[in-house]
Amino acid sequence: MHLYGEHLLLCVRTLVSVCREDCGQCSLQLLEVLVTIEALWGATGLGDKVRETMDALATAQDIDGRQDLYREHAGPLVEWLAASHHDWTIHSSELLQFVVVVNHAGPALGEVLPHLVPVLRSCLQPARDPQMRLRLFSSLSRVLLSAKQTVDSQGHFHHYLDTVTKDILVPNLQWHAGKTAAAIRTAAVSCLWALISSEVLSDEQIRKVQETLMPQILTSLEEDSQMTRLISCQIINTFLKTSGGVADADKLIKVYPELLKRLDDVSHEVRLAATSALVTWLACVRSDDDVKSCYQSHIQFLYRELLVYLDDPDGTVQDAVLGILTLFACETTPGPGSHRGRPRGTVTDSRGQQVLCG
């Protein structure tokens, strides 16, 4: 089969070198063949040769490289592949071709969102092939990490934000038994982290994502996967940073107990990520004088629970917790002689230095 791919590629290279500018009349068909070769035999060492041939095809048509070649044909290319997407499985050649287009089309993806997003929505439903969903989530995460140069190249990706969050991420973050289901949840969490880290969403848009997905992300803090727990802490931290003073008090109160549990996590990285999120949570609840009183008992409870971790065997965790307690000293006391019932005293950091807390 590898030999078949080599011979097919040689045919295309020969056509491009002989026909040159006349290739424009069959450029789409040649690109379809090259995408197919990349999909089926790219992993066997033909990938570089395929991309060289795409560049040669673009040059022959006076197009500036394969990225612009994809832009020229992205619409018909995705439509061609999408025609059979309802029947795709991990073994479908059309799926492999679609993944090649998603991974390599670059800015052209931003021009074909009306075709691209419905395919992703359909193929990423829980009833579809799990291995296929993992493959697609991997590609989607990759392009979201560079969203400005891919799916948001035209600045229109936010129009599909509800579809991505409610129709794609929410169903895949629901708990189902099994290792494959857990891997899909990890992939969905990674995809969400890529989305909110991509710098293509405004704070208001991130708050809408938070409104939809915070319950699922809080649940994912209990996942067996260390990566899932770590990324979930980072997502919550970002949610809290963008919430500012507009967070709903009842919803915000539900966050800190889940983060507090992660201070006992087996992973050092997760524990530190949780402490960082707790710092942000405390900044949120202190940002509005009008709502401070409704958090006071929760702040006092958090203070008492955190004191335990000053004896933690991990000095880095001790110092991180001390940083939170220092915020109590700096922010929760409204003025001289007024402490609202919060404990006073000193805490000792991992270097034996005493810091006033109260």
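This is a predicted model: local features need pLDDT of at least 70, side-chain atom pairs count only at pLDDT 80 or more; totals for chains, interfaces and linings use all residues.
Where is Arg-20 found? Arg-20 sits in the loop between α1 (2-19) and α2.

**Figure 1. Arg-20 in the loop between α1 and α2.**
Arg-20 is not a glycine, yet its phi is positive, at about 50°. Most residues other than glycine have a negative phi. The relative accessibility of Arg-20 is 45%, so this residue counts as partly exposed.

**Figure 2. Asp-62 in the loop between α3 and α4.**
The loop that holds Asp-62 lies between α3 (47-60) and α4 (65-82). Asp-62 is a residue other than glycine with a positive phi, near 60°. With a relative accessibility of 74%, Asp-62 counts as exposed, because the cut-off for that term is over 50%.

**Figure 3. Helices α2 and α5 in contact.**
Helix α2 covers residues 27-41 and helix α5 covers residues 93-104. Their axes come within 8 Å and cross at roughly 105°. The two helices are therefore roughly perpendicular to each other. From α2, the contact is made by Val-35, Thr-36, Glu-38, Ala-39 and Leu-40. From α5, it is made by Ser-93, Leu-96, Gln-97, Val-100, Val-101 and His-104. The residues of this contact of α2 with α5 are six nonpolar, four polar and one charged.

**Figure 4. Phe-98 in the largest nonpolar core.**
The largest nonpolar core has 113 residues, and of these Tyr-70 and Phe-98 touch the most other members. Leaving out residues up to four places away in sequence, Phe-98 touches Val-78, Leu-81, Trp-88, Leu-116, Val-119, Leu-120 and Leu-136. In soluble globular proteins, nonpolar side chains tend to be buried together.

**Figure 5. Cys-19 and the nearest cysteine sulfur.**
How many disulfides does a search of the whole structure find? The search finds zero. For Cys-19, the nearest cysteine sulfur is that of Cys-23, 4.9 Å away. A disulfide needs the two sulfur atoms within 2.5 Å, and Cys-19 is in no disulfide. Cys-19 is partly exposed, with a relative accessible area of 31%. Cys-191, in contrast, counts as buried, at 1% relative accessibility.

**Figure 6. Glu-204 in helix α10.**
Helix α10 runs over residues 203-220 and includes Glu-204. Is Glu-204 buried or partly exposed? Its relative accessible area is 49%, so Glu-204 is partly exposed. In sequence, Glu-204 and Ser-243 are 39 residues apart. In space, their C-alpha atoms are 8.3 Å apart.

Note on methods: Residues are numbered from 1 along each chain as its sequence is written. Side-chain values use heavy atoms; hydrogens and water are left out. A nonpolar core is a set of buried Ala, Val, Leu, Ile, Met, Phe, Trp, Tyr and Cys residues joined through side-chain atoms within 4.5 Å. Buried means under 20% relative accessible area, exposed over 50%, partly exposed in between (1.4 Å probe, protein chains only). Contact means heavy atoms within 4.5 Å. Axes are lines fitted to C-alpha atoms, for helices over the stretch in contact, and angles run from 0 to 180 degrees between N-to-C directions. Helices (H or I, at least four residues) and strands (E, at least two) are DSSP runs, numbered from the N terminus. Angles under 35 degrees count as roughly parallel, over 145 as roughly antiparallel, 65 to 115 as roughly perpendicular and the rest as oblique. Ala, Val, Leu, Ile, Met, Phe, Trp, Tyr, Cys and Pro count as nonpolar, Asp, Glu, Lys and Arg as charged, and the others, Gly among them, as polar.
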